[in-house]
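Reader: I would like a close look at the aromatic pairs in this structure. Please take me through the rings and their surroundings.

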Amino acid sequence: MDQSLDTLVEQLLESYAHCGGIKHLNGVNLPSKMAVAALMQDLLHLIFPGFIAEQKVAANDLPRETKFQLSSLQKQLEREIAKSLEMHPVPEQSAESASLAFLRKLPEVRRMIQTDVEAAYQGDPAAASKEEVVLAYPGVEAVAVFRLAHVLHEMKIAFLPRMMTEWAHSRTGIDLHPGADIGSHFFIDHGTGVVIGGTAKIGNRVRLYQGVGLVARSLAKHVERDEQGYALGGKRHPTVGDDVTIYAGATIVGGDTVIGDRTIIGGNVWLTRSIPPDSVVFFEAQQISIHPRQRMGGDWVI
């Protein structure tokens, strides 16, 4: 058994030597996925006080609790931001200044998230209360995490924004790149399979259903990248105007594609060109065929 284990060790070491692109040895310490997961839970606790905690949060205790949470969060943020900055420095930015700048944005982020909760409650007749929306709607959680990650992305902090949205992606099935520009009152209904690319721009009061993709055209094999590794080449993902509704399974492609205000995009539409305001887009030629089922050897067949 020991000999077999020694052989396996040798094989893995040989693999490490030849497959160098998927190892990180003797380099700077990278941000921790477990630390980011814990960070997100604590941030959501600050964003939604009384919703995330296992115990009841009293209004009288809120000042003390908030101060304690902020102090703890600042230390966690500094630690993970320091790792990011060590690998991808940002001019005139330290881990301490970046963490403080991020935390100062939280009141503004909460104001935006409140509009998203309101949009979900007003936009879904099945929602019994705003409490239910916060507790049970994956779109609200995914968008809340996106809005937090977007702040760090705008500050050019590497790794952490994408790790944060991928944490939400793993929990909700909703993939929102932190670089996207998304307006207020944003509602993702159901949500599973929604993908929004990093240069997408979305206006106010937009509603998406499950399986919607705002995606880029396929890139060339060799992509030029900036100092942080992001692809160059300008806007690659669509622009969506105000008051747009996009139904399930629709895919909108390309950075030159603009969806005008108040437009409705039907389900399963594949769209590669711009649409003027106040339009309805659907497959007019789609037909449903209905045939009687048949029996074969006593069993029903398709």
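Author: Partly exposed here means a relative accessible area between the buried limit of under 20% and the exposed limit of over 50%. The model is a predicted one.

A search of the whole structure gives two aromatic pairs. Take Phe 48 and Phe 51 to begin with. Their ring centres are 6.3 Å apart and their planes stand at 80 degrees, so this pair is edge-to-face. Phe 48 is buried, at 9% relative accessible area. Phe 51 has 28% and counts as partly exposed.

Now the other pair. Tyr 209 and Tyr 247 are stacked, with 4.9 Å from centre to centre and 10 degrees between the planes. This pair links distant parts of the chain, 38 residues apart. Tyr 209 sits in the loop between β6 (207-208) and β7 (213-215). Tyr 247 sits in the loop between β9 (245-246) and β10 (251-253). Tyr 209 is buried, with a relative accessible area of 13%. Tyr 247 reaches 37%, so it is partly exposed.

Back to Phe 48. Leaving out residues up to four places away in sequence, Phe 48 touches Ile 113, Val 117, Val 134, Val 140 and Ala 144. The largest nonpolar core has 41 residues, and Phe 48 is among those that touch the most other members. Leu 43, Ile 81, Phe 102, Leu 148 and Met 164 are also in that group. Helices that each supply at least two residues of this core include α2 (33-47), α5 (106-123) and α7 (138-154). A second, separate core holds 28 residues, among them Ala 142, Phe 146, Val 244 and Leu 271.

How values were computed: Residues are numbered from 1 along each chain as its sequence is written. This is a predicted model: local features need pLDDT of at least 70, side-chain atom pairs count only at pLDDT 80 or more; totals for chains, interfaces and linings use all residues. Side-chain values use heavy atoms; hydrogens and water are left out. Rings of Phe, Tyr and Trp (its six-membered ring) pair if their centres lie within 6.5 Å; planes under 30 degrees apart count as stacked, over 60 as edge-to-face and the rest as tilted. Buried means under 20% relative accessible area, exposed over 50%, partly exposed in between (1.4 Å probe, protein chains only). Helices (H or I, at least four residues) and strands (E, at least two) are DSSP runs, numbered from the N terminus. A nonpolar core is a set of buried Ala, Val, Leu, Ile, Met, Phe, Trp, Tyr and Cys residues joined through side-chain atoms within 4.5 Å. Contact means heavy atoms within 4.5 Å.
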